Amino acid sequence: MNVRPGHLPRNEQRSDYRPLSIADKKRLLHEMLFARRFEERCYEAYVERKIGGFLHLYSGQEACAYGVLEAARPGHDYVITGYRDHIHAIKCGSDPKAVMAELYGKESGVSRGRGGSMHIFDVPVRFMGGYALVGGPFPLAAGIAKGIKMKGGDEISICFLGDAANNQGTFHEALNIAKVWELPVLFVCENNLYGIGTRINRSTAVMEQYKRAAAYDIPAAQADGQDIEAVHKAASVAVDRVRSGKGPYFLELKTYRYRGHSMSDSNAYRSKDEEKQWLKRDPINILRNRLVDDKALSLDDFKAMDREIIDQIENEIIKFAEDSPLPVASDVEKYVLADGDPWVFPGRKG
Amino acid sequence: MAQIMYWEAIRRAHDEEMANDPLVIAMGEDIGVAGGTYKATQGLYDKYGPERVIDTPISENGYTGVGIGASFLGVRPIIEIMSVNFAWLALDQIVNSAAKVRYMSGGQLISPVVIRSPGGTAHQLGAQHSARMEKVFMGVAGLRVVTPSSPRQAYGLLKSAVRCNDPVFINEHELMYNMRGEVPDEEFFHPLEGSEVARAGRDVTLFGYNISVHWCLQAAEILAKEHGIEAEVVDLYALNPLDREGIVRSVSKTHRAVIVEEAEAPVGVGSEVMAIINEACFFELDAPPLRVSALNVPIPYSRPLEKVVIPDVKTVVERTLTLFRSGKH
């Protein structure tokens, strides 16, 4: 399959689109580099067996979460995703220390150590969770949008999932419902070309995922998921449209993950040449090079930024996760059902 | 106190809860304009409008997930799954999303959703429309399961389920919607846990739930009149969590136990109640506990075959008598 990142088939333009400023871009470079270092540090901690279970890393896809959420209102809009969820939560406003502590299974973790890598939840910043059944969040995202509509807020519901999720029935059921009910939900498809270890052309009839939204008469666009400016521009149209009450929208971002599907992945299904080609379009390097070309940043500045991030992750984040207490065994049955809900025994109420 | 039908009781609970809280909604297949297959939402579409009484597409996993997602924001959806057989398709969202979200979020996110669905065998509906799924749902941590045996319970359980912050599955029955019974005129909330002694007795406890409570009550009448056996009937309206104390209390009094279920025996209410009895009051028993269950086959279409698969009052009586043949009576 000929992958053409940056191919924009039918994107609308916003006449009032405000491009990212130099200051925005420098901040986003920092955020994306932080995400990369955070994930790569998770890799090390997993190898050291500090992190258990399954671990799905986001390296290579950073421009997707940061570009879309930069165009939205993180902490105000509701965000839901699959199991590759650490970075979406952090961009929504989760404390990276609490995310790392979650991966370490600690009580100070964002989900109190009950969730793990695939189930990061941070409701105060409206990060509505990572879910581990492929395609599971589609209907939940539409339901959140139904809730927004009923309560009359100006939030939108944003659902980030991968290309392979579009082969689940939930994709079709939820997109259909979202359109029939005109729900304020933005479906973001991070098309990284692989569903676990099977390449998209071997599993999926339609290569361009944005085209599939046409089946439900949902407006859609495609953008280069490696270029944060392209993502931001496309997402601004999408977010604005959904927020203005025009119903759902589908945005496909063409991207690539550098690590395997999860840590238990041999990564043997991809060619070295393909990986090399995509590394040339690294989202962090693309943005860094632009800032360097614009003389807004020197390579030395970048190296200093990198060092500072690595130090922060080691000295603050890993240290917090390491030092935090584990949950106590006697609490294992907490959070199964509502504690002391008055409607369980209404007669005994008050 | 009015005598009303089971479907009317459910409809009344919907109406009162929707009037009480604008975030209570009803959703499901044909529940709006058509008023519901069993009339449980009749007239509510006109009263509350299409944003709150929602006809869904035939996408069980999809709309159940949409209801669950809406519940994350404080909406309280009452989702009707037209037949419990279709709930197999929604298991992913019920089990993986609704039942687990509180736990895996460390208590941050709750899913106060109610899912109502009729199960059971009706009249020759065949293998794919005769499921009894309570055994599936009662084994799911984080999901409450209740099953009303009367209009009073159907009304009161739905009222409490809507207000409770846990996801609740209400297992109704295809054959019970036209059953009449007394429902208090004043508002009433039924406990979501516990059990109810539907008939007091001293010689044997017949445990039933939903439709099998009625088989037990009829069997108890026959046992009393024709055999001088005073059976206690315990209505297990809550299947998850089960009323361990209530089960033990009754068996400790009667010293004999029969569990009557419309479902197949393996991995069901009967096996679970029997496990509780064995664990908690084994030495109270004068005879081994027994189950009266359906045969473990897909439900056949042909009437005589269907009849032989599902237990009836006669079987309950006969099986119960076997507990007494070698004993004191």
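This is a predicted model: local features need pLDDT of at least 70, side-chain atom pairs count only at pLDDT 80 or more; totals for chains, interfaces and linings use all residues.
**View 1. Helices α9(B) and α13(B) against each other.** The two helices pack at an angle of about 55°, and their axes are 9 Å apart. That angle makes α9(B) oblique to α13(B). On the α9(B) side, look for Trp215(B), Cys216(B), Gln218(B), Ala219(B), Ile222(B), Leu223(B) and His227(B). They meet Val313(B), Val316(B), Val317(B), Thr320(B) and Leu321(B) of α13(B). Sorted by class, this contact has nine nonpolar and three polar residues, and no charged ones.

**View 2. The five-stranded sheet of chain B.** Here five strands line up as β9-β11-β10-β13-β14 in an open sheet with mixed pairing. β9 (196–199) and β14 (290–294) of chain B sit at the edges with a single partner strand each, so one side of each has no neighbour in the sheet. Going from strand to neighbouring strand, the average turn is 25°, direction ignored. Inside the sheet, β10 (residues 204–208) and β13 (residues 257–264) of chain B run parallel and are joined by three bridges.

**View 3. Two helices on the chain B sheet.** Helix α13 (residues 313–321) of chain B packs on the sheet and touches β10, β11, β13 and β14 of chain B. The direction of α13(B) makes about 155° with that of β14(B). Then there's helix α9 (residues 211–227) of chain B, lying across β9, β10, β11 (231–235) and β13 of chain B. Relative to β11(B), helix α9(B) runs at about 170°.

**View 4. A cis peptide bond in chain B.** Zoom in on the step from Asn240(B) to Pro241(B): this peptide bond is cis, with omega near -5°. Pro241(B) belongs to the loop between β12 (238–240) and α10 (244–254) of chain B.

**View 5. Helices α1(B) and α8(B) side by side.** Helix α1 (residues 6–20) and helix α8 (residues 151–163) of chain B pack at an angle of about 25°, with 8 Å between their axes. That makes α1(B) roughly parallel to α8(B). The crossing of this pair is right-handed. From α1(B) come Tyr6(B), Ala9(B), Ile10(B), Arg12(B), Ala13(B), Glu16(B) and Glu17(B), while α8(B) brings Pro151(B), Ala154(B), Tyr155(B), Leu158(B), Lys159(B) and Val162(B). By class, the contact of α1(B) with α8(B) holds nine nonpolar and four charged residues, with no polar ones.

**View 6. Where the two domains of chain B meet.** Chain B splits into domain 1 (2–183) and domain 2 (196–321). Their centres, taken over C-alpha atoms, are 26 Å apart. Domain 1 puts 24 residues into the contact and domain 2 puts in 20 residues. On the domain 1 side, the elements giving two or more residues are α7 (134–137), β6 (144–146), α8 and β7 (168–173) of chain B. That side of domain 1 has 10 nonpolar, 10 polar and four charged residues.

**View 7. Chain B up against chain A.** In this contact, 42 residues of chain B face 40 residues of chain A. On the chain B side, α3 (60–71), α5 (91–98), α6 (101–104) and α8 each supply at least two residues. The largest share, nine residues, comes from α3(B). By class, the side of chain B that touches chain A has 19 nonpolar, 17 polar and six charged residues.

**View 8. The six-stranded sheet of chain A.** Over in chain A, six strands form an open sheet in the order β2-β1-β3-β4-β8-β7, with parallel pairing. The edge strands β2 (127–130) and β7 (220–224) of chain A each pair on one side only. Neighbouring strands are turned by 15° against each other on average, direction ignored. Six bridges join β4(A) to β8 (residues 249–254) of chain A, and the two run parallel. In this pair, Cys189(A) stands opposite Glu252(A) of β8(A). Helix α5 (residues 137–151) of chain A packs on the sheet, touching β1 (78–81), β2, β3 (157–162) and β4 of chain A. The direction of α5(A) makes about 175° with that of β3(A).

**View 9. A positive phi in chain A.** Glu182(A) isn't a glycine, yet its phi is positive, near 50°. Look for Glu182(A) in the loop between α6 (169–180) and β4 (185–191) of chain A.

Notes. Residues are numbered from 1 along each chain as its sequence is written. Chains are lettered from A and ligands numbered from 1 in the order in which they are written. Axes are lines fitted to C-alpha atoms, for helices over the stretch in contact, and angles run from 0 to 180 degrees between N-to-C directions. Helices (H or I, at least four residues) and strands (E, at least two) are DSSP runs, numbered from the N terminus. Angles under 35 degrees count as roughly parallel, over 145 as roughly antiparallel, 65 to 115 as roughly perpendicular and the rest as oblique. A crossing is left-handed if the near helix is turned anticlockwise from the far one by less than a right angle, and right-handed if clockwise. Two residues are in contact if their C-beta atoms, placed from the backbone, lie within 7 Å. Ala, Val, Leu, Ile, Met, Phe, Trp, Tyr, Cys and Pro count as nonpolar, Asp, Glu, Lys and Arg as charged, and the others, Gly among them, as polar. Two strands pair if DSSP finds at least two bridges between them. Domain bounds come from an automatic or database domain assignment.
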